[in-house]
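Hi there,

Here is the model I promised to pass on. Have a look at it first, and my notes follow below.

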Amino acid sequence: MAVLIFWIAVTALAVILLVISIYMGSAEEPYLPPFIPAMIWIMGGWILLPGFKVLKPQEALVLTLFGRYIGTLKGEGFYYVNPFCVAVNPAAGTRLGQSGDVDDGARILLKSGEGGTRKDGSKKISLKAMTLSNAKQKVNDVLGNPVEISVAIIWHVEDTAKAVFDVDNYKEYLSLQADAAVRDIVKIYPYDIAPGVDTTGDGKADDGSLRGSTTVVAERIRDTIQKKVASAGLSIEEARITYLAYAPEIAAVMLQRQQASAVIDARKMIVDGAVGMVEMALTALEKDGVVSLDEERKAAMVSNLLVVLCGSHDAQPIVNSGSLY
């Protein structure tokens, strides 16, 4: 602010001196002595203007002077730096369709995973936590079944110098590493629990699956991405699976398989319950001496009770008005 006040004051003084020199000069001396320095300042004072920088909260500016890195501005405020410093941000023109990655003047809505071009020329680096959601990927699981999966990554820039100078474009670098990590981890797991599959690498089969162990899978994806992008000065806060399904070409078949498995489990539960109820009924009848049945009649009674209890429709009773035998 002091530099801005100084620049405004000197510029105003130069304009006043220039006007006085022109209108108060004589024929022998058309311009008074202050004319030359005032003219020099008016023509060259604008060189100082590029040194003024304004930063909002959670913004940073990486500066170089004649190709040499001299430092990073962090924290909101009004700054003045060497006017010959140049701000560097190779990812300023990259669009990944992610939060915190839109123009201030006009929001650009892009499909997930698609790129774009920034036209505002800003070289500021956002230090906010941003969400990257790449396009859905089709990956084969450990059993070879094609699976569609999408993962949301919460990340932020940890080291601005590494992000700018150690990789060509840190946003594209993060996007590619996220896709690679998803493929590397998904191919270790089956979509659903499968016998004889080792997902932990300890040589023993376990119950891990993409559908049943989403938290574990997401954590492994986060750790894998973090190892890849640490050299770029990026920090991965969290990873979450936002979409998971069989690929369309096998989705119908797998749905039938799941439905069949559910029907078998339900029938098994019904049969187990019916057998217990029949056993309880026979035991109660014999214990209380209500009726005495031989083995043939017991078998018939068991058959009738199982038909009634296990049938998918309501039974239609038939009253026998004759003798039991």
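A word on terms before the notes: helices (H or I, at least four residues) and strands (E, at least two) are DSSP runs, numbered from the N terminus, and two strands pair if DSSP finds at least two bridges between them. This is a predicted model, in which local features need pLDDT of at least 70 and side-chain atom pairs count only at pLDDT 80 or more, while totals for chains, interfaces and linings use all residues. Residues are numbered from 1 along each chain as its sequence is written, and side-chain values use heavy atoms, with hydrogens and water left out.

First, the overall picture. The protein has 7 helices and 10 strands. Of its 325 residues, 33% are buried, where buried means under 20% relative accessible area, exposed over 50%, and partly exposed in between (1.4 Å probe, protein chains only). Contact here means heavy atoms within 4.5 Å. Among contacts between residues at least 6 apart in sequence, 61% join residues at least 24 apart.

Now to strand 2 (residues 59-65). All 7 of its 7 residues are buried, so the strand is largely enclosed by the rest of the structure. In a regular strand the side chains alternate between the two faces of the sheet. Here Glu59, Leu61, Leu63 and Leu65 point one way, Ala60, Val62 and Thr64 point the other way, and all are buried.

Strand 2 and strand 3 form a hairpin with 2 residues between them, and phenylalanine 66 in the turn has a positive phi of about 55 degrees, although phenylalanine 66 is not a glycine. At 70% relative accessibility, phenylalanine 66 counts as exposed. In the loop between strand 1 (52-55) and strand 2 sits glutamine 58. Glutamine 58 is not a glycine either, yet has a positive phi of about 60 degrees; with a relative accessible area of 44%, glutamine 58 is partly exposed.

On to the helices. Helix 4 (residues 170-186) and helix 5 (residues 214-229) pack at an angle of about 135 degrees, with their axes 9 Å apart. Those axes are lines fitted to C-alpha atoms, for helices over the stretch in contact, and angles run from 0 to 180 degrees between N-to-C directions. Helix 4 and helix 5 are therefore oblique to each other (under 35 degrees counts as roughly parallel, over 145 as roughly antiparallel, 65 to 115 as roughly perpendicular and the rest as oblique).

Where they meet, helix 4 contributes residues including Leu174, Gln177, Ala178 and Ala181, and helix 5 contributes residues including Val217, Ile221 and Ile225.

Isoleucine 225, in helix 5, counts as buried at 0% relative accessibility. Not counting residues up to four places away in sequence, isoleucine 225 touches Ile153, Leu174, Gln177, Ala178, Ala181 and Ile236. Isoleucine 225 and alanine 178 are 47 residues apart in sequence and 5.9 Å apart in space, C-alpha to C-alpha.
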